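Please read these comments alongside the coordinates.

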Amino acid sequence: MMNPPAYSCFVDRDKMDSAIPDLGPKELSCMELPELKQLARQGYWARSYALRGQVYQRLIRDIPCRTVTPDAGVYRDIVGKIVGKHSSASLPLPEFVDNTQVPSYCLNSKGEGAVRKILLCISNQFPDVSFCPALPAVVALLLHYSADEAECFEKACRILACKDPSRKLVDQSFLAFESSCMTFGDLVNKYCQAAHQLMVAVSEDVLQVYADWQRWLFGELPLSYFARVFDVFLVEGYKVLYRVALAILKFFHKARAGQPLESDSVKQDIRTFVRDIAKTVSPEKLLEKAFAIRLFSRKEIQLLQMANEKALKQKGITVKQKSVSLSKRQFVHLAVHADNFHSEIVGVKEMRDIWSWVPERFALCQPLLLFSSLQHGYSLTRFYFQCEGREPTVLLIKTTQKEVCGAYLSTDWSERNKFGGKLGFFGTGECFVFRLQPEVQRYEWVVIKHPELTKPVSLESTSLESTTVSSSPSHSLSSESSDRLSPFLATRHFNLPSKTESLFMAGGSDCLIIGGGGGQALYIDGDLNRGRTGHCDTFNNQPLCSENFLIAAVEAWGFQDPDIQ
């Protein structure tokens with residue numbers, strides 16, 4: 001007969017036996033990363049309480065930490081002074097958890113009190129941690145696999161004190177947390193487009209929904225699911241969290257397809273779905289879905305996170321404003337105002353569709369008309385003049401057949417001047433083309449949907465601060481441009497078999513081209529009179545309207561900070 005598992009004194013044995021039945025000890029002979037990654041994904045130690053504890057101990061011990069990192073001895077020295085005569089259950093939680101409740105995770109009352117004590121001691125030792133709502137769940141789980149409070153404290157401190165900049169583990173400031181929420185929104189927009197369209201349709205502010213993504217994982221997921229996620233997270237890092245949250249959203253969308261959703265309840269609906277996820281999908285299927293998503297490389301996600309952080313800093317959003325919902329963030333229903341938006345080509349609803357596709361850091365902005373052929377004339381020279389100094393921009397075209405198409409363009413049109421009068425391509429993989437009439441369709445950079453076309457360049461081989469965007473390897477931008485542009489999805493990060501998959505935008509005196517390789521997604525002549533469209537390798541698109549068309553109107557729109565009127 002197998003001996004029962006030796007749970008820690010903080011665990012409710014009956015609840016734990018029900019939540020994660022223990023199948024007894026296993027041995028783990030290898031701790032090399034490739035094998036560990038595979039074993040973690042397979043759940044090798046998921047059914048062995050003792051083995052999971054051993055693996056956590058070794059993985060956390062191997063985290064590269066700051067020289068001075070509080071250990072178990074520090075906890076024993078300070079806990080009495082910090083807790084004082086308070087009972088554990090009545091201890092307040094530190095401000096950095098942002099009113100997050102401690103998940104029970106099959107802990108007994110002693111365990112729940114211990115989590116509070118540990119969090120208060122962490123707050124004492126890490127004054128620089130200002131916003132970390134994920135930490136209560138992390139501490140509650142680690143307490144399962146710790147001999148005492150001091151050991152759990154040391155493990156949590158090592159996770160917080162990781163000094164490897166490429167190995168981000170938990171957000172520790174409001175700025176990092178907010179930019180992670182924006183990054184998650186960008187990933188949803190790329191990889192869960194059906195779910196994103198649903199969120200946009202039913203939410204007054206979809207960013208408020210996406211701001212909840214960490215709570216789905218660190219709090220709402222049942223213990224058996226969260227532990228499986230944490231197993232892989234300790235081996236592979238932060239990117240796993242994005243994967244699992246995307247998978248959750250995909251399953252939610254599938255489960256709720258065709259059912260009515262209310263704007264004021266969608267956030268709560270997702271939380272309820274996650275709490276009851278066992279009714280829908282097993283932990284194995286959740287992880288299987290998560291790792292089936294062909295996500296950006298870790299480096300590209302880091303670059304996107306940096307771009308989002310920069311946008312927040314520029315708006316002065318670095319700490320949580322208690323009196324303002326998510327620091328006055330705007331979204332499509334707020335950014336595109338029916339009262340003051342007017343276009344000769346699209347209506348408010350169509351512009352909101354476009355705004356729901358743009359990167360999150362620009363969804364903070366309002367549309368600003370830069371050029372209109374009806375106001376400024378049918379001149380490509382005037383188009384460039386009106387658009388230079390602005391990035392990104394949205395190009396809109398209406399044909400004489402009332403077809404509407406266009407492009408989101410990541411880069412300032414002044415970059416065309418870098419080619420000495422010759423026609424040269426520039427831009428980044430954030431560019432996309434679309435049609436709105438007769439039906440809505442968006443075409444993104446082909447590499448996003450087909451990453452097998454490329455192999456990412458290593459993080460060390462290119463500077464994060466460099467922002468070369470031309471398809472020409474020898475072409476580099478000025479320092480002024482480098483400060484302005486985001487390096488996210490710059491083509492130099494990718495080993496592409498040919499340049500035809502990275503021909504985003506080009507402009508000369510006699511024509512403007514969007515997308516190249518095997519054809520052009522959009523070609524417009526210098527008089528803004530005629531155009532053509534066809535399949536191109538860069539966007540792998542169908543023609544955006546009639547293949548040869550006459551232009552009725554052209555508009556270019558920029559992005560204006562709502563605080564700048």
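The points below concern a predicted model.

1. Start with helix 3 (residues 49-61) and helix 12 (residues 223-236). Their axes come within 10 Å and cross at roughly 30°. Angles under 35 degrees count as roughly parallel, so helix 3 and helix 12 are roughly parallel to each other. The crossing is left-handed.

2. Look next at who makes that contact. Helix 3 contributes Arg-52, Tyr-56, Leu-59 and Ile-60. Helix 12 contributes Ala-227, Arg-228, Phe-230, Asp-231, Leu-234 and Val-235. By class, seven residues are nonpolar, three are charged and none is polar.

3. The model has 20 salt bridges. One of them pairs Lys-117 with Glu-149, with the closest N and O atoms 3.2 Å apart. Lys-117 belongs to helix 5 (residues 109-125) and Glu-149 to helix 7 (residues 149-160), so the pair ties together parts 32 residues apart in sequence. Lys-117 is buried at 16% relative accessibility, and Glu-149 is buried at 13%.

4. Asp-171 and Lys-168 also form a salt bridge, at 2.7 Å from N to O. Asp-171 is buried at 4% relative accessibility, whereas Lys-168 is partly exposed at 27%.

5. Arg-442 and Glu-444 meet in a salt bridge at 3.5 Å, N to O. Both residues are buried. Shared partners join Lys-190, Arg-442 and Glu-444 into one salt-bridge network.

6. Finally, check Glu-501, in the loop between strand 8 (494-495) and strand 9 (505-507). Is Glu-501 buried or exposed? At 12% relative accessibility, Glu-501 counts as buried. Beyond its sequence neighbours up to four places away, Glu-501 touches Trp-445, Val-446, Leu-496, Asp-537 and Thr-538.

How values were computed. Residues numbered from 1 in each chain as written. Predicted model: local features only at pLDDT ≥ 70, side-chain atom pairs only at ≥ 80, totals over all residues. Heavy atoms only, no water. Axes fitted to C-alpha atoms, helices over the stretch in contact; angles between N-to-C directions. Helix = DSSP H or I, 4+ residues; strand = E, 2+ residues; numbered from the N terminus. Parallel < 35°, antiparallel > 145°, perpendicular 65-115°, else oblique. Left-handed = near helix turned anticlockwise from the far one by under 90°. Contact = heavy atoms within 4.5 Å. Nonpolar A, V, L, I, M, F, W, Y, C, P; charged D, E, K, R; others polar. Buried < 20%, exposed > 50% of the residue type's maximum accessible area, 1.4 Å probe, protein only. Salt bridge = Lys/Arg side-chain N within 4 Å of Asp/Glu carboxyl O.
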